[in-house]
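Trainee: I am new to this structure and would be grateful for a close look at a single part of it. Please describe that part and then place it in its surroundings.

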Amino acid sequence: MNILVTEWNAPNGLELLEKEGYHVRYDPGLWNSPELGEAVKEADALIVRNQTRVTGALIGAAPRLKAIGRLGAGLDNIDLGAAAWRKIPVVTAGSANATAVAEYVIAALFHSARRLGEAAAGVRSGDWPRQQFTLHEIGGKTLGLVGVGEIGRRTGAKATALGMNVLGCDPQLKDGGDAANTGIIPADLSRVLAESDYVSLHVPLLPSTRGLIGASALNRMKPSAVLINTSRGAVVDEDALYEALAANRLAGAVLDVLSHEPPPEDHPLLALPSCTVTPHIAGLTRESQAQISEIVSLEVISALRGQVDRQVHERGAGS
């Protein structure tokens, strides 16, 4: 059987597939090549990250396709309806990158509160800007989580350990149960936006969440607040965010995702010192990628053996 891998994958997963006797075509730039449609014709399994657009047309061009593996958690780049119609399982690594994303959010909190990079740059330039960088502690501040799946819960637990108050907006977060175990206080979106010093987004991209953080939501946030997005870029209305930051109606933003990646060089948010944009790296650590690669390879092997029954199968808790 032939397995086509169209984006970067850690070597341990590829080695697992090859040990099973599969022929692996590993071409991490194929997602952006006109050759993709031709290459997929011979694929029994397709393994992608978030850049490959697994459309109904692409699935239709792959008559042998029996499994789709997603190296990550989001599924918005895969036509799940087309996969279901063909009875092709879509397998993911579930929450394997949850710790990495949670640690990124904590790093974003410290980055926003202490601005170490800017302070170090001031010293390198010959300055000694102590008063300029007399800033904030995060202990005692409030972190608001919009979405409290596995990533949100781990983020909340880490923030609580640092002495923060944590509010969580999620229909599945009830009084008692998860709230009692994590220290996350259930709250509706309005309360999260109004009371939080930092708002961190952890929701999938769905019709109901597209543009969720728009002008109205941003206006409800404190002028001193910081927005952190590690979910999907389109959850935030980037034009509205630019206006809020440019008018100092919001103190800052840390964005690991954008609506279009990579962004054009003239993207307005890149010109704002109060906005930090990173290249979709929140879930990218050596540890998480090795684990994701292994899990997805094992799940693809299971699917090719006919051992996966669900149309979308995730190992471990959801994110």
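Mentor: Strand 10 is covered on both of its faces. Val 226 and Ile 228 lie on one side, Leu 227 and Asn 229 lie on the other, and all of these residues are buried. In a regular strand, side chains alternate between the two faces of the sheet. The model in which this is seen is a predicted one.

The neighbouring strand may be considered next. Strand 10, residues 226-229, pairs with strand 9, residues 198-201, in the parallel sense, and four bridges join the two. Strands of a sheet pair through backbone hydrogen bonds, either parallel or antiparallel. Opposite Val 226 of strand 10 stands Tyr 198. Leu 227 of strand 10 is the bridge partner of Val 199.

Both strands belong to an open sheet of seven strands, whose order is 8-7-6-9-10-11-12 and whose pairing is parallel. The sheet ends at strand 8 (185-186) and strand 12 (275-277), the edge strands, each of which pairs on one side only.

Helices also lie against this sheet. Helix 5, made of residues 98-114, lies across strand 6 (142-146), strand 9, strand 10, strand 11 (252-255) and strand 12. Its direction is at about 150° to strand 11. Helix 11, residues 238-246, packs on the sheet as well and touches strand 10, strand 11 and strand 12. The direction of helix 11 makes about 145° with that of strand 11.

Two packed helices are described by the angle between their axes and the distance between the axes. Helix 1 (residues 11-19) packs with helix 12 (residues 286-304) at an angle of about 25°, and their axes are 7 Å apart. That angle makes helix 1 roughly parallel to helix 12, and the crossing of the two is right-handed. Helix 1 contributes Asn 12, Gly 13, Leu 14, Leu 16 and Leu 17 to the contact, while helix 12 contributes Ala 290, Ser 293, Glu 294, Ser 297, Leu 298 and Ile 301. Of the residues in this contact, six are nonpolar, four are polar and one is charged.

Pro 11 is also located in helix 1. In contrast to the buried residues of strand 10, Pro 11 is exposed, with a relative accessible area of 52%. Pro 11 and Glu 294 are separated by 283 residues in sequence, and their C-alpha atoms are 9.1 Å apart in space.

Definitions and conventions
Residues numbered from 1 in each chain as written. Predicted model: local features only at pLDDT ≥ 70, side-chain atom pairs only at ≥ 80, totals over all residues. Heavy atoms only, no water. Axes fitted to C-alpha atoms, helices over the stretch in contact; angles between N-to-C directions. Parallel < 35°, antiparallel > 145°, perpendicular 65-115°, else oblique. Left-handed = near helix turned anticlockwise from the far one by under 90°. Contact = heavy atoms within 4.5 Å. Nonpolar A, V, L, I, M, F, W, Y, C, P; charged D, E, K, R; others polar. Pairing = 2+ DSSP bridges. Buried < 20%, exposed > 50% of the residue type's maximum accessible area, 1.4 Å probe, protein only.
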